[in-house]
Amino acid sequence: RNALIVAAIGILGSIAAVIVEPGRFFASYLFAFTFWTSISLGSMGIVMLHHMTSGRWSFLIQRISEAGMRVLPLQALLFIPILFGLNYLYPWVYHAGEPAMKLRAAYLNVPFFIVRAVLWFAIWIVMAFFLSRWSRRQDANADPGLTRSLRLLSAPGMVVYSLTATFAAIDWTMSLEPEWFSTIYGMLAVTGQVLAALAVAAIVLRALSASGPLADVVAPRPLNDLGNMILAFVILWAYMSFAQFLIIWAGNLPDEIPWYLRRLGAGWQTVGVLLIIFHFFVPFFLLLSRRSKRSLQVLSWIAAGILVMRIVDAYWIVIPGAIPSGATVGWTDIATFLGVGGLWTWAYVGQLKGIPLLAQHDPRFAVLSEPAGG
């Protein structure tokens with residue numbers, strides 16, 4: 001109910017933004033859409049990683065992540081408003097006749113852009129459907145064949161997810177500046193998606209364990225592993241971000257450096273510094289401590305900080321490319337973020353309430369049978 005109230009406020013503000021500032025609205029909407037969709041996509045990646053590895057930490061958040069990936073049909077519907085703003089967002093649409101754009105027209109054209117988006121969502125929704133369906137069947141019986149089917153889907157599914165999420169990131173955000181490209185951009189986006197989903201999972205896990213449902217299975221050892229996984233993706237994100245920056249800056253090519261020049265001036269440099277400090281250094285040093293990782297309360301607060309930085313990172317990537325302005329947060333940004341976020345949260349909570357929080361009939365569930373102090 002609260003999520004729907006927030007969504008209603010955001011939608012009303014978004015309607016006003018379309019009328020008053022349509023250009024800024026579509027940029028803000030793209031930022032909100034890409035952030036909330038990243039959590040659903042990252043959740044699907046976590047589920048497939050779980051079925052491939054069967055780690056202690058992943059059993060704690062398996063169903064939490066499954067609920068996240070089942071919001072993808074809603075995100076497919078929320079993609080539709082972007083199609084009405086292509087002329088405002090993408091230079092390859094409104095500068096299609098220029099020589100530089102003609103070279104990219106075979107890939108960057110409106111019909112093919114729409115076809116690709118439909119294809120990406122169709123692939124994601126189908127994979128999420130079977131991952132969820134077979135997992136739910138385990139609630140009725142402990143058929144080892146279901147475990148094998150989930151693993152067989154997850155192994156190639158991880159490859160498919162990485163490729164499709166890469167192309168989606170290229171289409172939706174990198175093509176905001178079509179003269180610029182980076183070969184590491186897609187995997188950087190995938191890393192951010194999984195990191196955002198891990199952060200959400202840790203926060204939800206604390207809420208569920210504090211109120212009772214998961215209190216008996218949240219032990220220090222799997223929490224420690226979950227904290228290590230979050231730490232690994234924090235490091236991976238920082239490594240790829242620095243590698244991309246270093247290669248482009250050292251190359252000093254006119255087609256490449258404008259992307260960073262836009263994000264290192266007009267106040268955006270402050271946002272970049274915040275990302276370096278609070279997206280990497282602070283969580284990195286906090287997660288080095290076993291005490292921090294084995295305390296769900298502390299881990300959830302660290303995860304909340306990371307999630308805030310994921311929002312900042314999404315804003316830093318989208319807005320400078322779509323709107324050539326200073327680093328200011330406008331009311332349209334808040335309205336669209338609340339609108340999309342409220343709908344996503346409403347759908348997510350509904351999915352979470354409709355499933356058992358633990359896959360107790362999964363044959364691998366015995367890894368959590370150790371005493372709480374193990």
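Are Arg310 and Asp313 buried or exposed? In this predicted model, Arg310 is buried, and so is Asp313.

## Salt bridges within a helix

The side chains of Arg310 and Asp313 form a salt bridge with an N to O distance of 2.8 Å. Both residues belong to helix H16 (residues 296-322), where they are three residues apart, about one turn of the helix.

A second pair of this kind is made by Arg63 and Glu66, whose side chains meet in a salt bridge at 3.1 Å, N to O. These two residues are three apart in helix H3 (residues 56-69), which means that about one helical turn separates them. Arg63 is buried, with a relative accessible area of 1%, and Glu66, at 0% relative accessibility, also counts as buried. Their contact is part of a network of salt bridges that links Arg63, Glu66, Arg136 and Asp139.

## A salt bridge between helices

Asp171 and Arg116 are joined through their side chains by a salt bridge of 2.7 Å, N to O. Because Asp171 lies in helix H10 (residues 144-172) and Arg116 in helix H9 (residues 110-137), the pair ties together parts that are 55 residues apart in sequence. Both Asp171 and Arg116 are buried. Arg116 has a further contact, as it lies over the face of Phe112 at 4.4 Å from the ring centre. For the structure, the count of salt bridges comes to nine.

## Aromatic pairs

A search of the whole structure finds 37 aromatic pairs. One of them joins Trp180 and Tyr185 in an edge-to-face arrangement, with 5.7 Å from centre to centre and 75° between the planes. Trp180 is buried at a relative accessible area of 2%, and Tyr185 is likewise buried, at 5%.

Phe245 and Tyr260 form another edge-to-face pair, with centres 5.1 Å apart and planes at 85°. Phe245 lies in helix H12 (residues 220-251) and Tyr260 in helix H13 (residues 258-262), so this pair ties together parts that are 15 residues apart in sequence.

## An aromatic cluster and a charge over a ring

One aromatic cluster is formed by Phe31, Phe35, Trp36, Trp268, Tyr315, Phe337, Trp344 and Tyr348. Elsewhere, the charged end of Arg263 sits over the ring of Trp259, at 3.9 Å from its centre.

Terms used: Residues numbered from 1 in each chain as written. Predicted model: local features only at pLDDT ≥ 70, side-chain atom pairs only at ≥ 80, totals over all residues. Heavy atoms only, no water. Salt bridge = Lys/Arg side-chain N within 4 Å of Asp/Glu carboxyl O. Helix = DSSP H or I, 4+ residues; strand = E, 2+ residues; numbered from the N terminus. Buried < 20%, exposed > 50% of the residue type's maximum accessible area, 1.4 Å probe, protein only. Phe/Tyr/Trp six-rings, centres within 6.5 Å; stacked < 30°, edge-to-face > 60°. Lys NZ or Arg CZ within 6 Å of the ring centre and 35° of its normal.
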